[in-house]
Amino acid sequence: MLDAACRLSAASADGTFTPDDVVRLLRRAGSRYAESTIRTHVVSRMCANAPAHHATRYADLVRDGRGRYRLNDS
């Protein structure tokens with residue numbers, strides 16, 4: 001999922017992407033993860049500024065406005 005986020009960020013003019021973008025890219029790549037799993041990782045588990053709903057979290061992404069995410073630069 002992080003690789004997909006990196007690819008989407010590089011292809012975006014402003015470096016942002018949506019969870020839908022990640023789902024579509026992973027589907028095209030043949031991922032068998034459920035859509036809900038992908039979304040949960042993007043909006044919660046991988047997002048540094050999301051509420052702490054999971055025991056294990058990664059600060060890979062930052063929510064950058066309503067429904068848009070970007071790679072965490074810090």
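The mean positions of the 12 positive and 8 negative charges of the chain lie 6 Å apart. Lys and Arg count as positive, Asp and Glu as negative, with His and chain ends not counted; each charge is placed at NZ of Lys, CZ of Arg, CG of Asp or CD of Glu. This is a predicted model: local features need pLDDT of at least 70 and side-chain atom pairs pLDDT 80 or more, while totals for chains, interfaces and linings use all residues. Residues are numbered from 1 along each chain as its sequence is written, and side-chain values use heavy atoms, without hydrogens and water.

**Fold**
- The chain has three helices and two strands, as DSSP runs (helices H or I, at least four residues; strands E, at least two).
- Their order along the sequence is α-α-α-β-β.

**Dimensions and contacts**
- The C-alpha atoms occupy a box of roughly 30 × 30 × 20 Å along the principal axes.
- The radius of gyration is 11 Å, in agreement with the value near 11 Å for a compact globule of 74 residues; it is taken over C-alpha atoms, and the rule is 2.2 Å times the number of residues to the power 0.38.
- Of contacts (heavy atoms within 4.5 Å) with a separation of 6 or more, 32% join residues 24 or more positions apart.

**Burial**
- Buried residues make up 34% of the 74; buried means under 20% relative accessible area, exposed over 50%, partly exposed in between (1.4 Å probe, protein chains only).

**Cysteines**
- The structure holds zero disulfides (cysteine sulfur pairs within 2.5 Å).
- For C6, the nearest cysteine sulfur is that of C47, 15 Å away.
- C6 is partly exposed at 35% relative accessible area, whereas C47 is buried at 0%.
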